[in-house]
Amino acid sequence: MRRTRFSLYFEKTLVDPSPDLHYHLERLNRKVERVFITHAHFDHIAGFPELQVFGELDVYSHGQGVETAKHLASLFLGGASPDNRVWRYHEIPFNEWVELDGMRVFHFRTVHRSIENSGGFVSELKGKRIAVTGDTGPEILDDNEAIKAMEGADLLIAEMTHRESIPRTHLGVKDAIELAKKVGAGYTVFAHISHSNYTHEVLEKRVREAGVIGEVARDFTWIEV
């Protein structure tokens, strides 16, 4: 089964413009007005120039994410706000709730080896709360501040990259399920599944047997919150 790189879309908001973004945008056929970037690894940001089809964007991340996005726009599109587009870049702090246009966001730090800054987001809008872990090692299970921010979210998007966790890098199946239980979201989608992980059917069975309300993501999984 094809597993393209991770991106998430909700309410005109894109999380992580992956290298597969052109394919995603063709299928999505929706307007993007806000972009959140969890971290500046290739598989989470390299598709940023594909957003050139949108004339106005607000981009949110930590400083490293913002600067990498600006560099990609400058390198491939001729400027941080190319061709008279209105692209605004915003650094948002870790571990603080911030008010954006019609949205309240908590940006928490994650441990993800080989990059200095990596984070996840909890977004509140229209009475709903959506939590996205981004890439994280199993250390997030002991991060009480991040767990508290995500706790009871209507929707949790949790990474489940490998069969077994890699400390300071990625969650494995067991720890991803444990995180979902700690957060206690109304619905959990396990995403960022590598081809070295179990088959989709095995992962679904593990989630079902653990009693977690949710599913394992496929390309273009749609969830109504």
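Colleague: What makes you say that the charged end of Arg206 sits over the ring of Tyr198?

Modeller: Keep in mind that this is a predicted model. The charged end of Arg206 is 4.6 Å from the centre of the Tyr198 ring, and the cut-off for that distance is within 6 Å. Arg104 is placed over the ring of Trp97 as well, 4.2 Å from its centre.

Colleague: Now the ring pairs. Why is the pair of Phe36 and Tyr60 called tilted?

Modeller: Their centres lie 5.4 Å apart, and pairing asks for within 6.5 Å. The planes meet at 40 degrees; stacked needs under 30 and edge-to-face over 60, so what remains is tilted. This pair joins strand S3, which holds Phe36, to strand S4, which holds Tyr60, 24 residues apart. Phe36 and Tyr60 also form one aromatic cluster with Phe121.

Colleague: How do you know whether Phe36 is buried or exposed?

Modeller: Its relative accessible area is 1%, and buried means under 20%, so Phe36 is buried. Tyr60, at 7%, counts as buried too.

Colleague: And what makes the pair of Phe48 and Trp87 edge-to-face?

Modeller: The angle between the planes is 70 degrees, and the label applies over 60. The centres are 5.4 Å apart. Phe48 is in the loop between helix H2 and S4, while Trp87 is in strand S5, so the pair ties together parts 39 residues apart in sequence. Phe48 is buried at 0% relative accessibility, and Trp87 is buried at 4%.

Colleague: How many aromatic pairs does the rule give?

Modeller: The count comes to six.

Key: Residues are numbered from 1 along each chain as its sequence is written. This is a predicted model: local features need pLDDT of at least 70, side-chain atom pairs count only at pLDDT 80 or more; totals for chains, interfaces and linings use all residues. Side-chain values use heavy atoms; hydrogens and water are left out. Helices (H or I, at least four residues) and strands (E, at least two) are DSSP runs, numbered from the N terminus. Buried means under 20% relative accessible area, exposed over 50%, partly exposed in between (1.4 Å probe, protein chains only). A charge sits over a ring if NZ of Lys or CZ of Arg is within 6 Å of the ring centre and within 35 degrees of the ring normal.
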